[in-house]
Amino acid sequence: MKLDVVLGLQWGDEGKGKIVDVLAGNYPIVARFQGGPNAGHSLHFEGKSFVLRSVPSGIFRKDAINIVGNGVVLDPITFRKECENIESTGVPVKERIVIAKKAHLILPTHRLLDAANEAAMGKGKIGSTLKGIGPTYTDKVSRNGLRVGDILATDFEARYRKLRDRHAKMLSQMEYACDPSAEEADFFAAVEYLKGFRLIDCEYFVNNELKDKPILAEGAQGSMLDIDYGSYPFVTSSSTACAGACIGLGVAPSQIGHVYGIFKAYCTRVGSGPFPTELFDETGEKLRKIGNEFGAVTGRPRRCGWLDLVALKYAVMISGVTDLIMMKSDCLDSFETIKVCTSYIVDGQETSQVPFDTYADIRPVYTEFKGWNADLTGCRDEKELPAEFREYIKFMEDYLEVPIKIISLGPDRDATIMR
Ligand code: IMO
Ligand code: MG
């Protein structure tokens, strides 16, 4: 069977948690393949709300197995808190989660390095979530990292100390005042907690299960934050595009089935970096308010702007998206006019390509639509949708050349139209 993939196509926060939770009903296995606790995937059902950080969004589905894949970076301390919180609601997390031995560990000193790096960059900072993501992936690539499977080794503490001392040296060179041993007791307690989970050889596990079960891969962040294809250096440190699912789980490209691409009917971004359609006026303010656009992880207000179809089409191309999923169009219910960016003017030239130069002066060219001025939140059937809204969707499908298969009209599991 196939590995279907859910991806955010913008700058993160597209609503991946809700969609994975909705789709998870059809998949016995859900797997995270990259990122770490920089993610904040929100789920709402039966009057309850959760923000998931490292735990896959299939956790609340009975009988679903949730894989933390080898492409993920795992912070034992945050993971333990997150799991204990879920456990307290009666969910047997240790039965539902398995963890790849090859996933890399985030140490407390990785978080300190993240903060030191950002402080050193001053005004040019990335706007990182400061969860230690960049430094952990750096250690992975420079072959200094510690992996989940290492916690079972008899010399794990010595290996931990070696890496911690290396970090301490780097921090002191950066003149970053801190105590690298402050969270050590918490870290080792959380490592013991990790030992209560089934640690797996992810590539064997996944390929074996795929013989007779479909698996849903849950991306974190978004395509425009991809380490290769995002607006470098204002990106995260992992591969957020579809190919990342192959590397992050040990699956061949030929095993990929549906690629579900999620986007919001407008755009948001947290942290620094280019955002061509960003609004600095009351329209942007209105989007932030109606969409409740404040970070699920950091609480930061998100930057808001109109939908950017140039960037979206780029993301569709990179990942070979087969099915689009549109989120939060109900947040546009009260707008007289709705704009979508269909090309850019870069250095006086019109283009429909995302430019290489992250610092280029990009002006968006908009196509305007008459707003539908109706409450969409109660719609559960496509036939109930207003004509203006259907015209808007048709325009997007023609531009992106991919069908919009799911329309979400509210945070709850049930506020979803399947087409
Ligand atoms: P989910 O999965 C939105 C952003 C940060 C920063 C940049 C680098 O909830 O969509 P990092 O901590 O990764 O070094 O930060 O990436 N960022 C996200 N923005 N949603 C996320 O995750 C994000 N994860 C990282 O704000 O600009
Ligand atoms: Mg987020």
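Biologist: In which loop does Asp 347 lie?

Modeller: Welcome! This is a predicted model, where local features need pLDDT of at least 70, side-chain atom pairs count only at pLDDT 80 or more, and totals for chains, interfaces and linings use all residues. Residues are numbered from 1 along each chain as its sequence is written, chains are lettered from A and ligands numbered from 1 in the order in which they are written, and side-chain values use heavy atoms, with hydrogens and water left out. Helices (H or I, at least four residues) and strands (E, at least two) are DSSP runs, numbered from the N terminus. Asp 347 lies in the loop between strand E15 (337-346) and strand E16 (349-351).

Biologist: Is Asp 347 buried or exposed?

Modeller: Buried means under 20% relative accessible area, exposed over 50%, and partly exposed in between (1.4 Å probe, protein chains only). Asp 347 is not a glycine, yet has a positive phi of about 50 degrees. With a relative accessibility of 68%, Asp 347 is exposed.

Biologist: What is the relative accessible area of Leu 130?

Modeller: Leu 130 sits in the loop between H4 and H5. Although not a glycine, Leu 130 has a positive phi of about 65 degrees. Leu 130 is partly exposed, and its relative accessible area is 39%.

Biologist: Which elements do the buried residues of H5 pack against?

Modeller: Helix H5 covers residues 133-141, and its buried residues include Ile 133, Tyr 137 and Asp 139. Contact here means heavy atoms within 4.5 Å. The partners are strand E6 (73-74), strand E8 (104-105), helix H4 (108-121) and helix H6 (156-173).

Biologist: Which residues come nearest to ligand 1?

Modeller: A residue counts as near if one of its heavy atoms lies within 4 Å. An oxygen atom of ligand 1 is 2.7 Å from a polar backbone atom of Asp 13, and one is 2.8 Å from a polar backbone atom of Gln 221. Among the 20 residues around ligand 1, the nearest are Asp 13, Lys 16, His 41, Thr 129 and Thr 236.

Biologist: Which residues does a cis peptide bond join?

Modeller: Look in the loop between strand E10 (215-218) and helix H9 (243-249), where Pro 233 has its place. With omega at about 5 degrees, the cis bond joins Tyr 232 and Pro 233.

Technical notes
Polar contact = N/O pair within 3.5 Å; in protein donor to acceptor, adjacent residues only side chain to side chain.
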